[in-house]
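This report walks through one protein model, element by element. Keep the sequence and the structure in view while reading.

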Amino acid sequence: MLVLYVANCFYKPRFSDSTACHMLVYSTMLFQGLDPVEAVKSIAMLVTESRFVELSHAHTDRMDVEQFRHCMPKLFDMVRDFDIALKIIHMPTYLSRVESIDDVEKIVTQASKWLDAAYFLGINTAVIHTLYTVKQVSTYTPEWFNKNIELNRKFIHKLGQKARELGIVLAIENRVERWLVGNTATELVKIIHGFDGVGVCFDLGHAHASGYDPAEFHEMVREYIVAYHVHDNDGTRDQHLLPLLGTINWNAVRNIMDRSKPMVFEVACISGRLCGNYVKLISVIYRNIFGDCLLYTSPSPRDLSTSRMPSSA
């Protein structure tokens, strides 16, 4: 059996006033052409301030949980050797499609295994898409939407229990697909209302590409937001551009965003020098939009507590 020695990573922020500064997080989507270990390493070698990372679905989509577990020792080595904090995981998007409402238990089991893996890496937030089903009722009818609201509440109720046991926050992301449940603010609130330890990952790019005003959408889900996905587009499709390269009105959203929540720059790039330049530009763009106050860490191996997973053969 593979020996895992993944530590529980808790880091000490240099700034104590987290309400005044944003926590800037770099998504491995910036290097989606690389494997997850190399993507984390590439970010680690380029950033000089905030050293928080989100493992992107661009990477988790390519593997099952057993394959991901085989990457975990190398990921921990990267955390330890390059002083990086894995903050968030974007759960695989393939978990969101179910054949029928009766399949929810199977998806909960699969998603729970991913949460276990995230826990062993010290990750404390898991972003996940809403589920949708393709059977039992005619697709995209009012009955279909109601059944899918029911499906998602059942799913979150069960998975939320697992997440709370692990101390992981579930962040339900607003979808970009207008025809799926979870695209509107009203649907998101219906799905998550009343669940402890469950919130919204507000994706500004998804809201904008869906034709909504991101500032208005934000205010409708404000009390539920636990993380942000930050990227831009031209308003017609999901492009994952650097902010300011699209048409989002950043002046309208920058002052209403909750500065205590992680802000993940979910910018897409394949690999190479261009992606490295994107990483370098993110801190510049951040300051242009949000100012100079940036919550960041300089973690070291001294900040690691005891391992969450005992070494075993």
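## Helix 5

Helix 5 spans residues 142–166. Helices here are DSSP runs of H or I with at least four residues, strands are DSSP runs of E with at least two, and both are numbered from the N terminus. The model is predicted: local features need pLDDT of at least 70, side-chain atom pairs count only at pLDDT 80 or more, and totals for chains, interfaces and linings use all residues. Residues are numbered from 1 along each chain as its sequence is written, and side-chain values use heavy atoms, with hydrogens and water left out.

Helix 5 has 25 residues. From first C-alpha to last it reaches 36 Å, close to the 36 Å expected at 1.5 Å a residue. The expected span is 1.5 Å times one less than the number of residues. Helix 5 also bends, by about 25° at Gly160. A bend is the angle between axes fitted to the seven residues ending at a position and the seven starting there. Gly160 is among the buried residues of helix 5, as are Trp144, Phe155 and Lys162. Buried means under 20% relative accessible area, exposed means over 50%, and partly exposed lies in between (1.4 Å probe, protein chains only).

## Helix 3

Helix 3 covers residues 65–82. Its 18 residues should span 26 Å at 1.5 Å a residue, and its end C-alpha atoms are 24 Å apart, which agrees. Where does helix 3 bend? The bend is at Met72, by about 40°, and a proline, Pro73, follows within four residues. Both Met72 and Pro73 are buried. Other buried residues of helix 3 include Val65, Phe68, Leu75 and Val79.

The two ends have their own features. At the start of helix 3, a side-chain oxygen of Asp64 comes to within 3.1 Å of the backbone nitrogen of Glu66. Just after helix 3, Asp83 adopts a positive phi of about 55°.

## Parallel strands

Two strands count as paired if DSSP finds at least two bridges between them. Phe52 has Ala85 of strand 4 as its bridge partner. Strand 4 also runs parallel to strand 6 (residues 125–129), joined by 3 bridges. Across that pairing, Ile88 stands opposite Thr125, and His90 stands opposite Val127.

Strand 6 is mostly covered too, with 5 of its 5 residues buried. In a regular strand the side chains alternate between the two faces of the sheet. Thr125, Val127 and His129 point one way from strand 6, while Ala126 and Ile128 point the other way. Strand 6 is joined to strand 8 (residues 169–173) by 5 bridges, and the two run parallel. In strand 8, Leu170 faces Ala126.

Thr60 lies in helix 2 (residues 57–60). Is Thr60 buried or exposed? At 2% relative accessibility, Thr60 counts as buried. A polar atom of its side chain lies 2.9 Å from the backbone oxygen of His90. Leaving aside neighbours within four places in sequence, the contacts of Thr60 include Ile89, His90, Tyr94 and Trp114. Contact means heavy atoms within 4.5 Å.

Val221 belongs to helix 8 (residues 214–221). It is buried, with a relative accessible area of 0%. Not counting residues up to four places away in sequence, Val221 touches Ala185, Val189 and Val200. Val221 and Thr186 are 35 residues apart in sequence, and their C-alpha atoms are 8.3 Å apart. Met23, in strand 2 (residues 22–27), counts as buried at 12% relative accessibility. Met23 and Lys261 are 238 residues apart along the chain, with C-alpha atoms separated by 6.7 Å.

## The whole chain

The protein chain has 10 helices and 13 strands. Of its 313 residues, 57% are buried. Among contacts with a separation of 6 or more, 81% link residues 24 or more positions apart. The chain exposes about 13,200 Å², and carbon and sulfur atoms supply 51% of that area. Accessible areas come from the Shrake-Rupley method with a 1.4 Å probe; for residues, only the protein chains shown count as cover.

Note on methods: A polar contact is a pair of N or O atoms within 3.5 Å; within protein, one must be able to donate a hydrogen and the other to accept it, and residues adjacent in sequence count only if both atoms are side-chain atoms.
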